[in-house]
Amino acid sequence: MQLYPLFADLTDRPVLVVGGGDVAARKSAMLLRAGAKVTVGAPVLVPELRELAQQGRIIYRAGAYQSDWQDGMWLVVAATRSRPLNIRIATEGHAQQRLVNVVDDPALSSFQVPAVIDRSPLLVAISSSGAAPVLARRLRERIESLLDPALGSLLQLAQRYRARIRARHTDLASRRRFYDWLHDGPVHALLRVSQPTHAEQQLVTALSRREAPNIQGSVALVGAGPGDPGLLTLRALRALNEADVILHDELVSPEVLDLARRDAIQIAVGKRGGGIHTSQQSIHALLLEHAQAGHRVVRLKGGDPFVFGRGGEELAFLREHGIACEVVPGITAALACAAYSGVPLTHRDHAQSVRLVTAHCQHSLNTLDWSELAREHQTLVFYMGVSKLDDITRQLLAHGRAPDTPFALIENGSLPTQRTLAGTLAALPVLAAQHAIQAPALLILGEVAALAGASHWHGEWLGALPRHGAVAANLANAA
Ligand code: SAH
(Lines give C-alpha, C1' and ligand atoms only; values in the text may rest on other atoms or scores of the structure.)
Protein backbone atom coordinates (compact mmCIF):
# COMPACT_ATOMS: atom_id res chain seq x y z
CA MET A 1 0.00 0.00 0.00
CA GLN A 2 1.53 3.21 -1.20
CA LEU A 3 -0.86 5.61 0.56
CA TYR A 4 -2.38 5.52 4.00
CA PRO A 5 -6.16 6.05 3.70
CA LEU A 6 -7.39 8.70 6.09
CA PHE A 7 -10.65 10.52 6.84
CA ALA A 8 -9.71 13.79 8.53
CA ASP A 9 -11.95 15.73 10.91
CA LEU A 10 -11.20 19.33 9.97
CA THR A 11 -14.01 20.97 11.93
CA ASP A 12 -12.77 24.43 13.01
CA ARG A 13 -9.20 23.56 12.14
CA PRO A 14 -7.26 26.18 10.14
CA VAL A 15 -6.32 25.17 6.60
CA LEU A 16 -4.60 27.18 3.88
CA VAL A 17 -5.43 27.33 0.18
CA VAL A 18 -2.89 29.17 -1.94
CA GLY A 19 -4.31 30.43 -5.22
CA GLY A 20 -7.35 32.49 -6.18
CA GLY A 21 -8.65 30.75 -9.31
CA ASP A 22 -11.40 28.25 -10.10
CA VAL A 23 -9.44 25.29 -8.78
CA ALA A 24 -8.75 27.08 -5.50
CA ALA A 25 -12.47 27.93 -5.32
CA ARG A 26 -13.42 24.26 -5.77
CA LYS A 27 -10.96 23.08 -3.14
CA SER A 28 -12.10 25.80 -0.71
CA ALA A 29 -15.77 24.86 -1.17
CA MET A 30 -14.99 21.24 -0.35
CA LEU A 31 -12.99 22.20 2.75
CA LEU A 32 -15.79 24.52 3.89
CA ARG A 33 -18.27 21.67 3.55
CA ALA A 34 -16.09 19.69 5.93
CA GLY A 35 -16.25 22.56 8.43
CA ALA A 36 -12.63 23.71 8.12
CA LYS A 37 -11.51 27.28 8.86
CA VAL A 38 -10.28 28.21 5.42
CA THR A 39 -7.69 30.88 4.65
CA VAL A 40 -7.23 31.69 0.97
CA GLY A 41 -4.10 33.52 -0.08
CA ALA A 42 -3.66 35.06 -3.55
CA PRO A 43 -3.09 38.40 -5.29
CA VAL A 44 -6.62 38.28 -6.77
CA LEU A 45 -9.72 36.13 -6.28
CA VAL A 46 -12.34 34.81 -8.69
CA PRO A 47 -15.81 36.25 -7.92
CA GLU A 48 -16.91 33.11 -6.08
CA LEU A 49 -14.04 33.38 -3.59
CA ARG A 50 -14.44 37.14 -3.32
CA GLU A 51 -18.03 36.62 -2.25
CA LEU A 52 -17.04 34.03 0.38
CA ALA A 53 -14.46 36.52 1.72
CA GLN A 54 -17.06 39.30 1.86
CA GLN A 55 -19.45 37.01 3.73
CA GLY A 56 -16.66 36.24 6.19
CA ARG A 57 -16.80 32.53 5.38
CA ILE A 58 -13.13 32.46 4.41
CA ILE A 59 -10.18 34.54 5.59
CA TYR A 60 -8.52 36.34 2.70
CA ARG A 61 -4.77 37.02 2.61
CA ALA A 62 -4.19 39.42 -0.28
CA GLY A 63 -0.92 39.49 -2.17
CA ALA A 64 1.95 37.21 -3.10
CA TYR A 65 2.54 34.03 -1.08
CA GLN A 66 4.35 34.52 2.25
CA SER A 67 5.97 31.67 4.17
CA ASP A 68 4.26 32.70 7.40
CA TRP A 69 0.83 32.00 5.86
CA GLN A 70 1.52 28.39 6.80
CA ASP A 71 1.85 29.14 10.51
CA GLY A 72 -0.68 27.22 12.58
CA MET A 73 -2.17 25.37 9.57
CA TRP A 74 -3.15 21.68 9.64
CA LEU A 75 -3.38 21.30 5.91
CA VAL A 76 -2.07 23.25 2.97
CA VAL A 77 -3.42 23.11 -0.57
CA ALA A 78 -1.33 24.66 -3.33
CA ALA A 79 -3.54 25.58 -6.27
CA THR A 80 -1.43 28.11 -8.12
CA ARG A 81 -0.50 27.98 -11.77
CA SER A 82 3.21 28.44 -11.09
CA ARG A 83 5.12 25.23 -10.60
CA PRO A 84 8.14 26.94 -8.93
CA LEU A 85 5.75 28.54 -6.44
CA ASN A 86 3.97 25.20 -5.84
CA ILE A 87 7.38 23.62 -5.21
CA ARG A 88 8.25 26.33 -2.70
CA ILE A 89 4.92 25.96 -0.86
CA ALA A 90 5.33 22.17 -0.74
CA THR A 91 8.95 22.29 0.42
CA GLU A 92 8.22 24.79 3.18
CA GLY A 93 5.13 22.86 4.23
CA HIS A 94 6.93 19.54 4.40
CA ALA A 95 9.72 21.11 6.47
CA GLN A 96 7.11 22.11 9.05
CA GLN A 97 5.32 18.71 8.95
CA ARG A 98 2.23 20.13 7.28
CA LEU A 99 0.14 17.82 5.14
CA VAL A 100 0.42 19.39 1.70
CA ASN A 101 -1.56 18.78 -1.45
CA VAL A 102 -0.36 20.28 -4.70
CA VAL A 103 -3.28 20.01 -7.08
CA ASP A 104 -2.69 17.41 -9.82
CA ASP A 105 0.88 16.84 -8.67
CA PRO A 106 1.15 13.67 -6.57
CA ALA A 107 4.97 13.87 -6.61
CA LEU A 108 4.92 17.17 -4.68
CA SER A 109 2.05 16.15 -2.37
CA SER A 110 2.05 14.47 1.01
CA PHE A 111 -1.69 13.87 0.80
CA GLN A 112 -4.07 13.35 -2.09
CA VAL A 113 -7.74 14.07 -2.35
CA PRO A 114 -9.80 11.05 -3.42
CA ALA A 115 -12.84 10.91 -5.70
CA VAL A 116 -15.79 10.93 -3.30
CA ILE A 117 -19.31 9.56 -3.24
CA ASP A 118 -21.13 11.57 -0.63
CA ARG A 119 -24.08 10.01 1.19
CA SER A 120 -23.17 11.69 4.46
CA PRO A 121 -22.61 10.33 6.99
CA LEU A 122 -21.51 7.61 4.55
CA LEU A 123 -18.51 8.59 2.44
CA VAL A 124 -16.92 6.38 -0.18
CA ALA A 125 -13.49 7.59 -1.24
CA ILE A 126 -11.56 6.22 -4.20
CA SER A 127 -7.90 6.63 -4.97
CA SER A 128 -5.71 5.17 -7.68
CA SER A 129 -2.64 6.60 -5.90
CA GLY A 130 -2.45 9.08 -8.73
CA ALA A 131 -1.89 6.29 -11.27
CA ALA A 132 -5.25 6.37 -13.02
CA PRO A 133 -7.46 9.35 -12.19
CA VAL A 134 -9.77 8.53 -15.12
CA LEU A 135 -10.41 5.07 -13.74
CA ALA A 136 -11.12 6.52 -10.31
CA ARG A 137 -13.62 8.90 -11.85
CA ARG A 138 -15.37 6.10 -13.77
CA LEU A 139 -15.55 3.96 -10.70
CA ARG A 140 -17.03 6.88 -8.84
CA GLU A 141 -19.80 7.18 -11.45
CA ARG A 142 -20.54 3.46 -11.13
CA ILE A 143 -20.78 3.59 -7.36
CA GLU A 144 -22.82 6.80 -7.50
CA SER A 145 -25.42 4.96 -9.53
CA LEU A 146 -25.52 2.03 -7.11
CA LEU A 147 -26.04 3.95 -3.88
CA ASP A 148 -29.43 5.54 -3.85
CA PRO A 149 -29.63 9.16 -2.74
CA ALA A 150 -31.88 8.25 0.22
CA LEU A 151 -29.08 6.25 1.83
CA GLY A 152 -27.69 9.40 3.48
CA SER A 153 -31.03 10.19 5.16
CA LEU A 154 -31.36 6.57 6.28
CA LEU A 155 -27.96 6.63 7.93
CA GLN A 156 -28.66 9.98 9.58
CA LEU A 157 -31.86 8.57 11.00
CA ALA A 158 -30.08 5.42 12.18
CA GLN A 159 -27.40 7.59 13.79
CA ARG A 160 -30.00 9.55 15.77
CA TYR A 161 -31.70 6.37 17.01
CA ARG A 162 -28.54 4.38 17.53
CA ALA A 163 -28.62 4.47 21.34
CA ARG A 164 -32.31 3.55 21.44
CA ILE A 165 -31.82 0.69 18.98
CA ARG A 166 -28.94 -0.59 21.09
CA ALA A 167 -30.99 -0.35 24.28
CA ARG A 168 -33.95 -2.19 22.75
CA HIS A 169 -31.95 -4.91 21.00
CA THR A 170 -29.18 -5.72 23.44
CA ASP A 171 -28.00 -8.94 21.83
CA LEU A 172 -26.06 -8.68 18.60
CA ALA A 173 -28.18 -11.09 16.54
CA SER A 174 -31.38 -9.25 17.30
CA ARG A 175 -29.71 -5.90 16.59
CA ARG A 176 -28.49 -7.19 13.22
CA ARG A 177 -32.00 -8.29 12.33
CA PHE A 178 -33.26 -4.87 13.24
CA TYR A 179 -30.67 -3.13 11.05
CA ASP A 180 -31.47 -5.50 8.17
CA TRP A 181 -35.10 -4.51 8.54
CA LEU A 182 -34.09 -0.85 8.61
CA HIS A 183 -32.20 -1.16 5.32
CA ASP A 184 -34.50 -3.53 3.47
CA GLY A 185 -37.86 -2.63 4.93
CA PRO A 186 -40.36 0.21 4.87
CA VAL A 187 -38.18 2.88 6.52
CA HIS A 188 -35.72 2.98 3.64
CA ALA A 189 -38.54 2.55 1.14
CA LEU A 190 -40.40 5.55 2.57
CA LEU A 191 -37.27 7.70 2.55
CA ARG A 192 -36.81 6.82 -1.10
CA VAL A 193 -40.24 8.18 -1.89
CA SER A 194 -39.56 11.37 0.11
CA GLN A 195 -41.72 10.61 3.15
CA PRO A 196 -39.29 11.19 6.03
CA THR A 197 -41.93 11.76 8.74
CA HIS A 198 -43.74 8.58 7.90
CA ALA A 199 -40.40 6.73 7.80
CA GLU A 200 -39.46 7.94 11.27
CA GLN A 201 -42.89 6.91 12.61
CA GLN A 202 -42.30 3.39 11.31
CA LEU A 203 -38.96 3.31 13.04
CA VAL A 204 -40.44 4.50 16.33
CA THR A 205 -43.27 1.97 16.14
CA ALA A 206 -40.83 -0.84 15.41
CA LEU A 207 -38.74 0.21 18.39
CA SER A 208 -41.74 -0.02 20.69
CA ARG A 209 -41.82 -3.78 20.05
CA ARG A 210 -39.54 -6.32 21.60
CA GLU A 211 -38.91 -8.38 18.45
CA ALA A 212 -37.14 -7.09 15.36
CA PRO A 213 -39.92 -6.76 12.77
CA ASN A 214 -40.14 -9.18 9.88
CA ILE A 215 -39.29 -7.75 6.50
CA GLN A 216 -42.43 -7.00 4.53
CA GLY A 217 -42.30 -7.54 0.83
CA SER A 218 -42.66 -4.75 -1.67
CA VAL A 219 -43.22 -4.36 -5.38
CA ALA A 220 -41.59 -1.90 -7.73
CA LEU A 221 -43.23 -1.46 -11.12
CA VAL A 222 -40.21 -0.67 -13.21
CA GLY A 223 -39.96 0.57 -16.77
CA ALA A 224 -37.14 -1.23 -18.58
CA GLY A 225 -37.14 1.11 -21.57
CA PRO A 226 -37.21 -0.07 -25.18
CA GLY A 227 -34.31 -2.52 -25.07
CA ASP A 228 -31.01 -0.64 -25.10
CA PRO A 229 -29.78 -1.11 -21.50
CA GLY A 230 -28.27 2.38 -21.66
CA LEU A 231 -31.81 3.74 -21.58
CA LEU A 232 -32.56 2.36 -18.12
CA THR A 233 -32.88 4.96 -15.39
CA LEU A 234 -30.49 4.85 -12.44
CA ARG A 235 -33.44 4.09 -10.23
CA ALA A 236 -34.43 1.12 -12.38
CA LEU A 237 -30.85 -0.15 -12.21
CA ARG A 238 -30.85 0.07 -8.42
CA ALA A 239 -34.20 -1.72 -8.23
CA LEU A 240 -32.75 -4.52 -10.39
CA ASN A 241 -29.72 -4.71 -8.14
CA GLU A 242 -31.85 -5.10 -5.04
CA ALA A 243 -34.60 -7.38 -6.33
CA ASP A 244 -35.16 -10.86 -4.89
CA VAL A 245 -37.70 -11.70 -7.58
CA ILE A 246 -38.14 -10.24 -11.06
CA LEU A 247 -41.30 -10.76 -13.07
CA HIS A 248 -40.60 -9.55 -16.55
CA ASP A 249 -42.38 -9.22 -19.87
CA GLU A 250 -41.14 -11.01 -22.95
CA LEU A 251 -40.37 -7.57 -24.40
CA VAL A 252 -37.63 -6.89 -21.85
CA SER A 253 -34.26 -7.44 -23.51
CA PRO A 254 -31.75 -10.01 -22.20
CA GLU A 255 -29.17 -7.20 -21.97
CA VAL A 256 -31.36 -5.47 -19.41
CA LEU A 257 -31.97 -8.68 -17.47
CA ASP A 258 -28.21 -9.22 -17.33
CA LEU A 259 -27.99 -6.18 -15.06
CA ALA A 260 -30.15 -7.78 -12.37
CA ARG A 261 -28.76 -9.23 -9.17
CA ARG A 262 -27.24 -12.59 -10.06
CA ASP A 263 -29.19 -14.63 -7.54
CA ALA A 264 -32.56 -12.99 -8.18
CA ILE A 265 -35.36 -15.34 -9.27
CA GLN A 266 -36.42 -14.36 -12.79
CA ILE A 267 -39.89 -15.25 -14.00
CA ALA A 268 -40.99 -14.56 -17.56
CA VAL A 269 -44.65 -13.65 -17.79
CA GLY A 270 -46.65 -12.82 -20.90
CA LYS A 271 -45.80 -13.76 -24.45
CA ARG A 272 -45.92 -11.19 -27.20
CA GLY A 273 -47.68 -11.59 -30.54
CA GLY A 274 -50.27 -14.18 -29.50
CA GLY A 275 -48.91 -17.52 -28.26
CA ILE A 276 -49.47 -18.78 -24.74
CA HIS A 277 -49.40 -16.01 -22.22
CA THR A 278 -49.74 -15.60 -18.50
CA SER A 279 -53.11 -14.05 -17.71
CA GLN A 280 -53.22 -10.73 -15.91
CA GLN A 281 -54.89 -12.52 -13.01
CA SER A 282 -52.05 -14.96 -12.60
CA ILE A 283 -49.55 -12.09 -12.78
CA HIS A 284 -51.44 -10.36 -9.96
CA ALA A 285 -51.42 -13.59 -7.96
CA LEU A 286 -47.68 -14.07 -8.47
CA LEU A 287 -46.90 -10.49 -7.44
CA LEU A 288 -48.97 -10.86 -4.31
CA GLU A 289 -47.56 -14.23 -3.39
CA HIS A 290 -43.93 -13.08 -3.59
CA ALA A 291 -44.52 -9.75 -1.87
CA GLN A 292 -46.38 -11.46 0.96
CA ALA A 293 -43.49 -13.87 1.35
CA GLY A 294 -41.36 -10.84 2.21
CA HIS A 295 -39.55 -10.54 -1.12
CA ARG A 296 -38.54 -7.40 -2.89
CA VAL A 297 -40.30 -7.88 -6.18
CA VAL A 298 -39.58 -6.01 -9.37
CA ARG A 299 -42.28 -6.07 -12.01
CA LEU A 300 -40.22 -5.23 -15.06
CA LYS A 301 -42.01 -3.98 -18.14
CA GLY A 302 -40.87 -2.91 -21.57
CA GLY A 303 -40.87 0.87 -22.03
CA ASP A 304 -42.89 2.61 -19.36
CA PRO A 305 -45.18 0.70 -16.97
CA PHE A 306 -48.01 3.21 -17.39
CA VAL A 307 -47.99 3.40 -21.19
CA PHE A 308 -49.99 0.46 -22.55
CA GLY A 309 -48.38 -1.62 -19.86
CA ARG A 310 -51.25 -2.42 -17.47
CA GLY A 311 -49.14 -0.95 -14.69
CA GLY A 312 -52.16 0.97 -13.42
CA GLU A 313 -54.15 -2.22 -12.82
CA GLU A 314 -51.25 -3.87 -11.03
CA LEU A 315 -50.65 -0.85 -8.83
CA ALA A 316 -54.32 -0.63 -7.86
CA PHE A 317 -54.46 -4.35 -7.11
CA LEU A 318 -51.34 -4.29 -4.93
CA ARG A 319 -52.45 -1.18 -3.04
CA GLU A 320 -55.80 -2.87 -2.33
CA HIS A 321 -53.84 -5.69 -0.72
CA GLY A 322 -51.74 -3.31 1.34
CA ILE A 323 -48.45 -4.02 -0.45
CA ALA A 324 -45.81 -1.28 -0.43
CA CYS A 325 -45.30 -0.12 -4.02
CA GLU A 326 -43.23 2.22 -6.04
CA VAL A 327 -43.32 3.05 -9.74
CA VAL A 328 -40.17 3.73 -11.73
CA PRO A 329 -40.92 5.29 -15.09
CA GLY A 330 -39.16 4.08 -18.19
CA ILE A 331 -38.52 5.45 -21.63
CA THR A 332 -41.55 4.50 -23.63
CA ALA A 333 -41.22 3.09 -27.16
CA ALA A 334 -42.64 6.27 -28.72
CA LEU A 335 -39.89 8.44 -27.28
CA ALA A 336 -37.12 5.93 -27.86
CA CYS A 337 -38.09 5.00 -31.43
CA ALA A 338 -38.57 8.65 -32.35
CA ALA A 339 -35.15 9.55 -30.97
CA TYR A 340 -33.38 6.57 -32.56
CA SER A 341 -34.92 7.23 -35.96
CA GLY A 342 -34.38 10.98 -35.89
CA VAL A 343 -38.06 11.99 -35.73
CA PRO A 344 -38.71 15.01 -33.49
CA LEU A 345 -42.29 14.17 -32.46
CA THR A 346 -43.39 17.77 -31.97
CA HIS A 347 -41.17 19.66 -34.38
CA ARG A 348 -42.69 23.09 -34.10
CA ASP A 349 -43.06 23.57 -37.85
CA HIS A 350 -45.06 20.36 -38.30
CA ALA A 351 -46.96 19.15 -35.24
CA GLN A 352 -48.68 20.67 -32.25
CA SER A 353 -49.53 17.45 -30.49
CA VAL A 354 -48.63 13.78 -30.24
CA ARG A 355 -51.07 10.99 -29.64
CA LEU A 356 -50.13 7.59 -28.34
CA VAL A 357 -52.65 5.14 -29.77
CA THR A 358 -53.09 1.43 -29.20
CA ALA A 359 -53.93 -0.82 -32.12
CA HIS A 360 -53.98 -3.87 -29.89
CA CYS A 361 -57.23 -5.45 -31.07
CA GLN A 362 -60.05 -4.90 -33.50
CA HIS A 363 -62.22 -3.58 -30.71
CA SER A 364 -59.75 -0.83 -29.82
CA LEU A 365 -59.45 0.11 -33.51
CA ASN A 366 -63.21 0.22 -34.03
CA THR A 367 -63.77 2.53 -31.10
CA LEU A 368 -61.18 5.13 -32.13
CA ASP A 369 -62.33 8.52 -33.33
CA TRP A 370 -60.80 8.30 -36.80
CA SER A 371 -61.91 11.71 -38.05
CA GLU A 372 -60.03 13.20 -35.07
CA LEU A 373 -56.99 11.05 -35.83
CA ALA A 374 -57.00 11.93 -39.53
CA ARG A 375 -56.39 15.63 -38.86
CA GLU A 376 -53.20 17.22 -40.12
CA HIS A 377 -50.37 18.69 -38.06
CA GLN A 378 -50.49 16.15 -35.33
CA THR A 379 -48.26 13.16 -34.82
CA LEU A 380 -49.81 9.73 -34.31
CA VAL A 381 -47.87 6.97 -32.67
CA PHE A 382 -49.40 3.51 -32.93
CA TYR A 383 -48.34 0.80 -30.49
CA MET A 384 -48.98 -2.88 -31.21
CA GLY A 385 -49.99 -2.10 -34.77
CA VAL A 386 -47.94 -4.43 -36.97
CA SER A 387 -50.81 -6.79 -37.74
CA LYS A 388 -53.27 -3.92 -38.15
CA LEU A 389 -51.49 -1.74 -40.69
CA ASP A 390 -54.14 -2.41 -43.35
CA ASP A 391 -56.94 -1.27 -41.09
CA ILE A 392 -55.06 1.76 -39.83
CA THR A 393 -54.22 2.90 -43.36
CA ARG A 394 -57.73 2.30 -44.68
CA GLN A 395 -59.39 4.21 -41.84
CA LEU A 396 -57.04 7.18 -42.02
CA LEU A 397 -57.42 7.50 -45.80
CA ALA A 398 -61.20 7.09 -45.57
CA HIS A 399 -61.34 9.90 -43.03
CA GLY A 400 -59.34 12.30 -45.14
CA ARG A 401 -55.66 11.98 -44.14
CA ALA A 402 -53.58 12.72 -47.27
CA PRO A 403 -52.17 9.61 -49.02
CA ASP A 404 -48.72 11.22 -49.11
CA THR A 405 -48.56 11.73 -45.34
CA PRO A 406 -45.12 10.49 -44.28
CA PHE A 407 -44.68 7.59 -41.89
CA ALA A 408 -41.77 5.91 -40.12
CA LEU A 409 -42.18 2.33 -38.95
CA ILE A 410 -39.51 1.31 -36.47
CA GLU A 411 -38.85 -2.32 -35.70
CA ASN A 412 -36.77 -3.29 -32.62
CA GLY A 413 -36.22 0.37 -31.78
CA SER A 414 -32.96 1.17 -29.93
CA LEU A 415 -31.62 -2.37 -30.36
CA PRO A 416 -28.73 -3.33 -32.65
CA THR A 417 -31.34 -5.02 -34.87
CA GLN A 418 -33.32 -1.81 -35.37
CA ARG A 419 -34.78 -1.29 -38.85
CA THR A 420 -36.52 1.89 -39.89
CA LEU A 421 -38.93 1.82 -42.80
CA ALA A 422 -40.13 5.13 -44.12
CA GLY A 423 -42.57 6.08 -46.86
CA THR A 424 -45.99 7.56 -47.39
CA LEU A 425 -49.29 6.44 -45.91
CA ALA A 426 -50.83 5.01 -49.09
CA ALA A 427 -47.90 2.60 -49.50
CA LEU A 428 -47.60 1.62 -45.84
CA PRO A 429 -49.13 -1.88 -45.82
CA VAL A 430 -47.35 -2.93 -49.02
CA LEU A 431 -43.94 -1.64 -47.91
CA ALA A 432 -44.29 -3.22 -44.45
CA ALA A 433 -45.17 -6.57 -46.02
CA GLN A 434 -42.31 -6.29 -48.53
CA HIS A 435 -39.81 -5.83 -45.73
CA ALA A 436 -41.58 -8.35 -43.45
CA ILE A 437 -41.69 -5.95 -40.48
CA GLN A 438 -42.33 -7.89 -37.26
CA ALA A 439 -43.37 -6.98 -33.74
CA PRO A 440 -42.22 -5.15 -31.75
CA ALA A 441 -42.58 -2.26 -34.12
CA LEU A 442 -43.93 1.22 -33.71
CA LEU A 443 -45.66 3.36 -36.30
CA ILE A 444 -45.08 7.11 -36.33
CA LEU A 445 -47.35 8.92 -38.72
CA GLY A 446 -47.46 12.60 -39.54
CA GLU A 447 -45.52 15.41 -41.18
CA VAL A 448 -42.61 15.00 -38.73
CA ALA A 449 -41.92 11.45 -39.96
CA ALA A 450 -40.43 12.95 -43.15
CA LEU A 451 -37.51 14.21 -41.05
CA ALA A 452 -36.29 10.65 -40.49
CA GLY A 453 -34.94 10.73 -44.04
CA ALA A 454 -32.33 13.30 -43.14
CA SER A 455 -31.88 12.65 -39.43
CA HIS A 456 -32.06 8.88 -39.04
CA TRP A 457 -28.87 7.64 -37.33
CA HIS A 458 -29.31 4.22 -35.73
CA GLY A 459 -29.64 0.77 -37.30
CA GLU A 460 -30.72 -0.17 -40.80
CA TRP A 461 -32.53 2.30 -43.04
CA LEU A 462 -35.29 0.95 -45.31
CA GLY A 463 -36.49 4.32 -46.45
CA ALA A 464 -38.41 4.88 -49.60
CA LEU A 465 -37.88 8.56 -48.92
CA PRO A 466 -34.64 10.12 -50.19
CA ARG A 467 -31.97 9.68 -47.54
CA HIS A 468 -29.90 12.81 -47.07
CA GLY A 469 -30.32 16.37 -48.14
CA ALA A 470 -33.31 15.96 -50.42
CA VAL A 471 -35.91 15.86 -47.65
CA ALA A 472 -34.45 18.85 -45.90
CA ALA A 473 -34.37 20.69 -49.21
CA ASN A 474 -38.04 19.80 -49.90
CA LEU A 475 -39.05 21.07 -46.50
CA ALA A 476 -37.11 24.26 -47.04
CA ASN A 477 -38.80 24.79 -50.43
CA ALA A 478 -42.21 24.15 -48.95
CA ALA A 479 -41.64 26.71 -46.20
N1 SAH B 1 -45.11 -0.21 -22.08
C2 SAH B 1 -44.49 -0.25 -23.38
C3 SAH B 1 -45.48 -0.60 -24.46
C4 SAH B 1 -46.03 -1.97 -24.36
S5 SAH B 1 -47.10 -2.37 -25.69
C6 SAH B 1 -43.83 1.10 -23.66
O7 SAH B 1 -44.02 2.06 -22.91
O8 SAH B 1 -43.09 1.18 -24.62
C9 SAH B 1 -46.01 -3.20 -26.79
C10 SAH B 1 -45.76 -2.36 -28.02
O11 SAH B 1 -44.80 -1.36 -27.76
C12 SAH B 1 -45.18 -3.14 -29.17
O13 SAH B 1 -46.17 -3.82 -29.90
C14 SAH B 1 -44.56 -2.03 -30.00
O15 SAH B 1 -45.53 -1.34 -30.74
C16 SAH B 1 -44.06 -1.09 -28.92
N17 SAH B 1 -42.64 -1.33 -28.62
C18 SAH B 1 -42.11 -1.65 -27.45
N19 SAH B 1 -40.76 -1.76 -27.53
C20 SAH B 1 -40.45 -1.47 -28.80
C21 SAH B 1 -39.23 -1.38 -29.52
N22 SAH B 1 -38.04 -1.62 -28.96
N23 SAH B 1 -39.28 -1.04 -30.83
C24 SAH B 1 -40.44 -0.79 -31.42
N25 SAH B 1 -41.62 -0.86 -30.80
C26 SAH B 1 -41.64 -1.19 -29.50
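How far from an oxygen atom of the ligand does a polar side-chain atom of Thr-332 lie? The distance is 2.6 Å, from the polar side-chain atom of Thr-332 to the ligand oxygen. This is a predicted model, in which local features need pLDDT of at least 70 and side-chain atom pairs count only at pLDDT 80 or more, whereas totals for chains, interfaces and linings use all residues. Residues are numbered from 1 along each chain as its sequence is written, and side-chain values use heavy atoms, with hydrogens and water left out.

| Residue | Protein atom | Ligand atom | Distance |
|---|---|---|---|
| Thr-332 | polar side-chain atom | oxygen | 2.6 Å |
| Ala-333 | polar backbone atom | oxygen | 2.9 Å |
| Gly-413 | backbone N or O atom | nitrogen | 2.8 Å |

Of the 550 Å² of accessible area that the ligand has on its own, the protein covers 92%, as computed by the Shrake-Rupley method with a 1.4 Å probe. The ligand is surrounded by 18 residues, the closest being Asp-304, Val-307, Thr-332, Gly-413 and Ala-441, where a residue belongs if one of its heavy atoms lies within 4 Å. This shell divides into 12 nonpolar residues, five polar ones and one charged. Because domain 3 (218–331) and domain 4 (334–478) both give residues to the shell, the ligand lies between them; these bounds come from an automatic or database domain assignment.

Turning to the cysteines, the count of disulfides (pairs of cysteine sulfur atoms within 2.5 Å) comes to zero. Cys-325 counts as buried because its relative accessibility is 18%, and the cut-off for buried is under 20%.

Key
Polar contact = N/O pair within 3.5 Å; in protein donor to acceptor, adjacent residues only side chain to side chain. Nonpolar A, V, L, I, M, F, W, Y, C, P; charged D, E, K, R; others polar. Buried < 20%, exposed > 50% of the residue type's maximum accessible area, 1.4 Å probe, protein only.
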